[in-house]
Amino acid sequence: MQSTFVLAQLAMEGQPEVNLKKAQDAVAKAMELYKPDLMIFPECFMSHFPVGTDRATKLGTAQYLDGPFVTGMRKLAKDNGIWIIFGMNEKVEDPADDRNYNCTVVLNAEGEIVTSYRKTHLYDAFGFKESDDNKPGTALFEPIDTPFGKLGLFVCYEVRFPEVARYQRSKGADIIIMPTAWAKGDLKSHQFRTLITARAIENTVYMVACDQCGTDTMGESVVVDPMGVPVATAGEVETLVCAYIDTDRIEAVRKKLPAYKDRRPELYTI
């Protein structure tokens, strides 16, 4: 079975209403060109400010899942009959904690919220401290059944933790979605592609990484198949990336490369 995924590699703005309009334009263009089954938007798609923006401004745009941004994205999914996955800054309900959740929302073609995921492994690395502004989630994403295969998901920095991807595979994931806002820096492009390819090969899954682009983030969104072959790539600018996901390819690779089945977990603990 073949499905069409479109990755919307976009430069984000701080204001949610601006990004909602960008989503509407991207979906309209994707429907005209590709008629996707699923569209993926980057991490923190709802609102993303440049490095150095004051904290109150960055956190002040947070919304709940029933807020206007998610409501607008739900309408977009329903009106076009497609699944949509996107990142947002979810407001924390605890009045004693002024941080946001780095949340990813999954919508089905009826515009319903299928599930949401709060990023668990926060980017306290390379001089950044995401945990200053974001509260970590308490559970990994549970893969979901969809018309185009079983989807797993994790966000950006979490690709550096092979256990997170392995958990997705252990729960039956055939395709792992990775919304990201990968920061520019020395060797970051090399590490991005290497880590994504490794997660695809070792778990024999498709890896679908949709990145932001712009001043602080590098773009280079990529889809890698279960043998580690890039099937769709992007450069550093705003673009739509179309990839055809073939579940027959997953089964063929797993017959040829049964590495997951051949594990010996009784020999080790992590």
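Buried means under 20% relative accessible area, exposed means over 50%, and partly exposed lies in between (1.4 Å probe, protein chains only). This is a predicted model, in which local features need pLDDT of at least 70, side-chain atom pairs count only at pLDDT 80 or more, and totals for chains, interfaces and linings use all residues. Residues are numbered from 1 along each chain as its sequence is written, and side-chain values use heavy atoms, with hydrogens and water left out.

**Salt bridges**

- The structure holds 16 salt bridges. Each is a side-chain nitrogen of Lys or Arg within 4 Å of a carboxyl oxygen of Asp or Glu.
- Side chains of opposite charge can pair when their charged atoms come close.
- Helices (H or I, at least four residues) and strands (E, at least two) are DSSP runs, numbered from the N terminus.

**Lys21 and Asp25**

- Lys21 bridges to Asp25 at 2.9 Å, N to O.
- Both sit in helix α1 (residues 16-33), four residues apart, so about one helical turn separates them.
- Lys21 is partly exposed, at 44% relative accessible area. Asp25 is partly exposed too, at 42%.

**Asp133 and Lys58**

- Asp133 and Lys58 form a salt bridge of 3.0 Å, N to O.
- This pair links distant parts of the chain, 75 residues apart. Asp133 is in the loop between β5 (113-118) and β6 (144-146), while Lys58 is in helix α2 (residues 55-59).
- Asp133 is buried, with 13% relative accessible area. Lys58 is partly exposed, with 26%.

**Arg249 and Asp225**

- The side chains of Arg249 and Asp225 meet at 2.9 Å, N to O, in a salt bridge.
- Arg249 lies in helix α6 (residues 247-256), and Asp225 in the loop between β10 (222-224) and β11 (230-233), so the pair ties together parts 24 residues apart in sequence.
- Arg249 is partly exposed at 28% relative accessibility, whereas Asp225 is buried at 4%.
- Elsewhere, shared partners join Arg55, Lys58, Asp98 and Asp133 into one salt-bridge network.

**Nonpolar cores**

- A nonpolar core is a set of buried Ala, Val, Leu, Ile, Met, Phe, Trp, Tyr and Cys residues joined through side-chain atoms within 4.5 Å.
- The largest core has 46 residues. Those with the most contacts inside it are Phe5, Leu38, Ile175, Ile177, Met178, Ile196 and Val208.
- Strand β9 (residues 206-211) gives the largest share of this core, five residues.
- Beyond its neighbours within four places in sequence, Ile177 has contacts (heavy atoms within 4.5 Å) with residues including Phe5, Leu38, Ile85, Phe154 and Val208.
- A second, separate core has 27 residues, among them Leu10, Ala26, Ala30 and Ile82.
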